[in-house]
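Here are my notes on the model, as numbered points. Have the viewer open while you read.

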Amino acid sequence: MQNVKLEREMKSGGLDKRWIFLAVGALVLAFLKLPLHLSYAPNQKTLGVYKAIEGLPSGSIVYLSADYGPSSKAELLPMHRALVYHILNRDLKIIASSVWDSGPPLIDMVFKEVCEELKKQGKEKKYGIDYVNLGYKSGQDVAIAKIGTSIPETFPRDYLGTSVNQIPLMNGVINFSQIGLLCNLSVGSPGARQWLQQVQTRYKVRMVAGVTAVMAPDLYSFYQSRQIEGFLGGLVGAAEYEYLLKRPGFAMSGMNVQSLTHFLILGFVLLGNILFVSEILRQRKAKEMKSTST
Amino acid sequence: MEVKTMEFLGIWIAAFLTLAIFSFLYKDNPIYKFAEHLFVGISAGYVLIQELTGTLIPNLYHPLREALLGVSPAKMSRLGALVLGVMILLRFFKKTTWISRWPLALIIGTFAALRMTGYTQSDLIKQINGTMVPLRGQGLPFTSWEGASVINNLILIIGVITVLIYFFFSLEHKAPLKQGALIGTGFLMITFGSSFGYTVLGRVSLLIGCVQDLYIYAERRYGYSSLFCGVGIIIYLVLWEIRNRAKNRTMPTSL
Amino acid sequence: MSSIFNVSHLNVFLALFLFTALFISFLFLSRKGRTLYLRRLDGVAAIEEAVGRATEMGRPVLFVPGIDNIDEIQTLAGIAVLSHVARTVARFDCSLIVPTRNAIVLSVCEETVKESFTAAGRPDAYKSDNIRYLSDDQFAFTAAVDGIMLREKPATNIYMGAFYAEALILSETGFASGAIQVAGTASIAQLPFFVAACDYTLLAEEFYAASAYLSRDPKVLSSIKASDYFKIITIAVIILGIVLANLNPEAVPLLQKLF
Amino acid sequence: MVKDKVPVYITIVVGVFMILKFFVQLDFIKVVADELEQWCLVVFALAIILGVANILRLNLRIVLRREKDWPYKLVVVVSMGVMILVGIADLAIHGDISTGSGFQYLFQYILTPLSAAMFALLAFYIASAAFRAFRARNIRAILLLVSGALVMIGRVPIGASLSPIFPRLSDWIMTVPNAAGQRGLIIGAAMGMIATGLRVIFGIERPYLRGE
């Protein structure tokens, strides 16, 4: 009974929310495959990431911390793929780990996919030599600080349980002096901010990041202070990166409908405000009428 | 062949669960509730296994084993972690909760210290340093869209200082503090606006990611799974509504 | 000497030392009986006003202390505001609904509200049913709070604490239900939604200051004063640095080295 | 004494020690601090497991007492059990929980779609909030909405396709006024963090004494 009443109220409070839900869902469903050719203008932040990786001497090691989970895979997985592809394709090496428990399976998945893709192009990459997945470490900020002091002490074993002493790539890697670039993928805390605090500034490590759109505005200040050389913000950042690599993927294919949905939402804001203003005007008029009649 | 069957099954499960969560948009219903509780259970089990393999085995079990086997006796100190670990587990029982305060104190002390130094170095000093920008000099353009220029640097300086003034609580905001704080509010609102725009961007992307997955699940090789699951869930919801209405009708109106 | 002390961290040491010194001196001053002045915050006044409106309309006040655990500082700050709100509510003889997402937060809120009602001389008016545990799950909790807004029609919604993605859902439903809304949080990513949908919002540090102001704990006040004065020093250092950098562009690398 | 004084002393000693480690380069300090950090990692992991145990206890109680919605709570208990058993079986058989394992399978086909879909709901909510709550009620809100709208248009490729001014403008907003505002907030938050840290290390703030 209460439910019925509740629904009636939902409707009386203006438009039933569910019509809006339906509009958004229908738009995304209908226009996902819209063939629209949009122009990309990668900005300095995206270019910064690209240049940082391009500029590394062949054979350098990139430390990739994938601090995210499947909840934000839509935004971060495309950039994760693009970055790993770029790094491995340039014959650089990757040590990957995560301070989010949901990171390691995603790291595994991306390595597997990208290595298959590279194999088709005639480039064979080997686990333990070209890349390694060190898995997850609990402890958040403490774990990050600990990785800064010593990588093998923090990760005595990789995700497969192999001792790091037996992994060729980990040979001679002690701390960030042996790392060419720190690359962080993150959705929140612990994430890019904590890496900046505990590792980047402390050991003066070169750093780039790929973050969700919600986190991106935060990083502009760290970009201006040159603590971070570049970053990819949200699906748009990922799409720009795919564009730079000339390797279209999920991010670019989502951009058309992303643009359209922005306009739909802006339309909602505009419409809501028009109704709001007209309501105020109506009330004001009613008040005036009242005051003149009394 | 078996792997293929497993993948096929997996895709069907994924398609069903995605749509089950989306059914919440219509209203809270048993299918959503099932999916939601499944989520809680699976993620709790998942976390436990990751803690075990990620930290407890490599950083506690193996060092202690090596110490006991005499490979590296120095690692015996890891016993301390074991003791504190047991102490924290005692939080599970009401009577022994207080014992867990010791290991918690260790964590809190470490966190406080790491954060204090980390924030001071990266978020305070480096940021202050980044605000000391030149307002003249060779090669510095007067205006620019991106990158440093006289105007951009000036705006940056004014922005940082006025926002700090806005958050100054020790004095009543009177001129010139009042004007400073007002400008600071403006900067804050633009900041929140950008954050707002970016949040919209991010949330929409999350939906696009899901719909992209649903499109893949709907392919022929996966037996059009998302289509069938979608239709199935809609039919269920209709039946569920009909049953609910019938129930409501038989209930006394005084309820 | 330089081998023992990490010279590259000297600046961090100085900053921390200065801050600690300020903090200790304010603690000292407050011990000696000096009242530490903080300016009036409009948001705090707005809370009082909003509770008054609920009384006039004869409808309850809804207070959400964020959705995080008790170990989150924002939750503690939110509960400090709650104790003030509860006292006002008791004085106005209005009812107060507090939904929580966590069992420990629930018990702390119960204690807090009970204490405030007693302090206001109205222990009889305290209803334990109104301090509720709804669900541990983020969205289930949100849906349940939405339900409260639509069914019990609070005239005033106050959100004080750590908020995440649910912030926009709560503030939207509250706005549509026509309630007066006051929010306070340091979760920056959620502030835009509160600013757009609430009548008054305590932004980031204002929120902490408000709770310190209301709790009147001299130790917390001292730390707020310390960071206030540290702000003045920061502004001075920034201006000095800019002046130096512009008088002598060659000083820029030197300054960068120093920091 | 043992109950509430000792933890405070532990916090003070550990806190001061870890701060010392940041400034002082002595082997002794480094070795001890490194080991303490290892202890932290372990305790942290066990604390999370404790949380999981609490979820189990809470749900099991409801199931056993047949309280409201107990079948759903049974889903929680069973799925948690299955996930743990599969993980342990994988460890016993393959020695890892990586690609190809049953654990990875459950992660990929159950956990991933569930959490992705759960967060995708936010796209719908933000759209409805756009229509119903984002009101230009004062100058503050107008400023917020206008800069938000500019970023929304300028940051997607369609903005660039409409006019090159959009991406430039949105990028300018982000890199100049936004960075300035963010920096003010960041510096302020850093001070708040230092203040909180001091209160903790001085034993004024004692969060671990709560939750009896």
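1. Ground rules. Two residues are in contact if their C-beta atoms, placed from the backbone, lie within 7 Å. This is a predicted model, where local features need pLDDT of at least 70, side-chain atom pairs count only at pLDDT 80 or more, and totals for chains, interfaces and linings use all residues. Residues are numbered from 1 along each chain as its sequence is written, while chains are lettered from A and ligands numbered from 1 in the order in which they are written.

2. The B–D contact. Chain B puts in 98 residues and chain D 103 residues. On the chain B side, the elements giving two or more residues are H1 (2–22), H2 (30–69), H3 (79–89), H4 (101–131), H5 (150–166) and H6 (177–217). Helices here (H or I, at least four residues) and strands (E, at least two) are DSSP runs, numbered from the N terminus. H4(B) has the largest share of that side, with 23 residues. By type, the chain B side splits into 61 nonpolar, 28 polar and nine charged residues.

3. The core. A nonpolar core is a set of buried Ala, Val, Leu, Ile, Met, Phe, Trp, Tyr and Cys residues joined through C-beta atoms within 7 Å. Buried takes 20 or more other C-beta atoms within 10 Å of a residue's own, exposed 12 or fewer, and partly exposed is in between, with C-beta atoms placed from the backbone. The largest such core has 332 residues, and Leu219(A), Ile21(B) and Val43(D) have the most contacts inside it. Helix H4 of chain D (residues 102–132) gives the most to this core, 22 residues. Beyond its neighbours within four places in sequence, Leu219(A) touches Ala192(A), Ala209(A), Val211(A), Ile228(A) and Phe231(A).

4. The chain A sheet. Six strands make an open, parallel sheet in the order S3-S2-S1-S4-S5-S6; two strands pair if DSSP finds at least two bridges between them. S3(A) (131–136) and S6(A) (230–233) are at the edges with a single partner strand each, so one side of each has no neighbour in the sheet. Neighbouring strands are turned by 15 degrees against each other on average, direction ignored. Axes are lines fitted to C-alpha atoms, for helices over the stretch in contact, and angles run from 0 to 180 degrees between N-to-C directions.

5. Around S6(A). Four bridges join S5(A) (residues 207–211) to S6(A), and the two run parallel. Ala209(A) sits opposite Phe231(A). Which way do the residues of S6(A) point? Gly230(A) and Leu232(A) go one way, Phe231(A) and Gly233(A) the other, and all are buried.

6. Cis peptides worth a look. Most residues other than glycine have a negative phi, and most peptide bonds are trans. The bond from Ser189(A) to Pro190(A) is cis, with omega near -5 degrees, and Pro190(A) is in the loop between S4 and H8 of chain A. From Ala175(B) to Pro176(B) the bond is also cis, with omega near 0 degrees; Pro176(B) is in the loop between H5 and H6 of chain B.

7. Positive phi. Tyr224(B) has phi near 50 degrees and lies in the loop between H6 and H7 (225–250) of chain B. Is Tyr224(B) buried or partly exposed? Tyr224(B) is partly exposed, with 15 other C-beta atoms within 10 Å. Ala204(C) has phi near 40 degrees and is in the loop between S6 (200–203) and H8 (205–215) of chain C. Ala204(C) is buried, with 23 other C-beta atoms within 10 Å.

8. Chain D overall. There are seven helices and zero strands in chain D. Its radius of gyration is 26 Å, well over the 17 Å that the globule rule gives for 212 residues, so chain D is more spread out than a compact globule. The radius is taken over C-alpha atoms, and the rule is 2.2 Å times the number of residues to the power 0.38. Along the principal axes, the C-alpha atoms of chain D fill a box of roughly 65 × 55 × 40 Å. Buried residues make up 56% of chain D.

Definitions and conventions:
Nonpolar A, V, L, I, M, F, W, Y, C, P; charged D, E, K, R; others polar.
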